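Subject: The structure, and what I found in it

Hi there,

Here is the structure I promised to pass on. Have a look at it first, and then read my notes below.

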Amino acid sequence: MPLPRLNDAIRSQCWVDREKKCDSRIWFSIPGSKHVDNRFYKSSSRSFVNVSVTGSRCALSCEHCNRNLLRTMIPAETPERLKQIAELLAGQGGRGMLVSGGADSRGGVPLAMFADAIRHARSLGLVVLAHTGIIEKSTAERLKESGVDQVLMDVIGHRRTIRDVYHLNRAPDDYLDAMRICREAGLDVVPHVVVGLHFGQVLGEYNALKMIREAGVQSLVLVVLNPMPGTGMASEALPPFSDVERVFSCARMWNPEVFLSLGCARPPGPYSRRVETLAVDCGFNGIAFPGEAAIDHAIRQGLDPVFQHGCCSLAGRILL
């Protein structure tokens, strides 16, 4: 599939696609993972929380994370503890949780044993998302039975990135198979693509987008690599903005009917503001934690902002 150059014609097509998908609205998502207070919205740490079923443990120690993200999550290493967290969150008026964790040696998060706890959280009225990694059929079936609202999954399109960044002996087709397993189980799967995942370089992103299109999903989230201290990528340069621009354009053009969102992971400061504005111009349907400049830009483009507490994968669907 040829890669287009971003130009006015492509931007015009992006706008047409947005209008077909959700008229003039753009969804701004505010999870509870960080504190933001500006003239448009204020985040709440109790509205939507991130939970790790493995605590800070992970068998992979990926180069872009090295368990750092797990340390920012609430540990819930037993089903009983996950139920307690759900009850506390529901009692405080919270809306939902992302259930994640470190991966095992095959790239999957051990979630099957937490299916009953997820069902309990759902019975309390909470929205529950599961970040699964490369999921097995049996786990997908258990999650379906639990009533989980969505399954989130990073999709990697190049074997070198899988090996050198995730330290996994897997292939890109394993991610395509995992998406198909979710679809066959009746799960709402929302793939995520990290732009610049290969040490700041674009390598497998276009193949990942191709696989996602083949899987026939309804929603897609893009994020941009943010080199973190204490990881193997701490000293890497940010992905070139021109590369981000091209991937964003292709994501919209190759998946015109998909609800496309910019996730919360991206480099901060002026770089983030440029990426957010680009997402608006490329016809993204949603942005997590948007800055004031992006919101102002969207309004100037004639878009109607809708603010929602929760992960961007939920935008336009529930939690209204």
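What follows is a short tour, from the whole chain down to single residues.

First, some ground rules. This is a predicted model, in which local features need pLDDT of at least 70 and side-chain atom pairs count only at pLDDT 80 or more, while totals for chains, interfaces and linings use all residues. Residues are numbered from 1 along each chain as its sequence is written, and side-chain values use heavy atoms, with hydrogens and water left out.

**The whole chain**

The protein chain contains 11 helices and 11 strands; these are DSSP runs numbered from the N terminus, with helices being H or I of at least four residues and strands being E of at least two. Of its 320 residues, 55% are buried (buried means under 20% relative accessible area, exposed over 50%, and partly exposed in between, with a 1.4 Å probe and protein chains only). The accessible surface is about 13,300 Å², and 48% of that belongs to carbon and sulfur atoms (Shrake-Rupley method, 1.4 Å probe; for residues, only the protein chains shown count as cover). Taking contacts between residues at least 6 apart in sequence, 73% join residues at least 24 apart; contact here means heavy atoms within 4.5 Å.

**The core and Phe248**

The largest nonpolar core has 101 residues, and Leu82, Met97 and Phe248 are among those with the most contacts inside it. Such a core is a set of buried Ala, Val, Leu, Ile, Met, Phe, Trp, Tyr and Cys residues joined through side-chain atoms within 4.5 Å. Helix 9 (residues 241-254) gives the most to this core, with seven residues.

The structure holds four aromatic pairs (rings of Phe, Tyr and Trp, the last by its six-membered ring, with centres within 6.5 Å; planes under 30 degrees apart count as stacked, over 60 as edge-to-face and the rest as tilted). In one of them, the ring centres of Phe248 and Phe284 are 4.8 Å apart and the planes are at 40°, so the pair is tilted. Phe248 sits in helix 9 and Phe284 in the loop between helix 10 (270-281) and strand 10 (286-288), 36 residues apart. Both phenylalanines are buried.

**Three helices with a buried side**

Helix 3 (residues 79-91) has 13 residues and reaches 18 Å from its first C-alpha to its last, close to the 18 Å expected at 1.5 Å a residue; the expected span is 1.5 Å times one less than the number of residues. Its buried residues are Pro79, Leu82, Ile85, Ala86 and Leu89. Seen down the axis, they fall within an arc of 120°, so they line one face of helix 3 (the arc is that of the directions from the helix axis to the C-beta atoms). On the other side, Glu80, Leu88 and Gly91 are exposed. The cover over the buried residues of helix 3 includes strand 2 (48-52) and helix 4 (115-123).

In helix 4, the buried residues are Ala115, Ala117, Ile118 and Ala121. They fall within an arc of 160° seen down the axis, so they line one face of helix 4. They pack against helix 3, strand 5 (127-131) and helix 5 (137-146).

Helix 7 (residues 172-184) also has 13 residues, reaching 19 Å, close to the 18 Å expected. Its buried residues are Pro172, Tyr175, Leu176, Ala178, Met179 and Cys182. They cover an arc of only 155° around the axis, which puts them on the same side of helix 7.

**Positive phi and a loop glycine**

His167 has a positive phi of about 60° although it is not a glycine, and it lies in the loop between helix 6 and helix 7. Phe199, also not a glycine, has a positive phi of about 55°.

Phe199 is in contact with Gly232, as is Glu63. Gly232 lies in the loop between strand 8 (219-224) and helix 9 and is partly exposed, with a relative accessible area of 39%.

Best wishes

Conventions:
Lists of a residue's contacts leave out its neighbours within four places in sequence.
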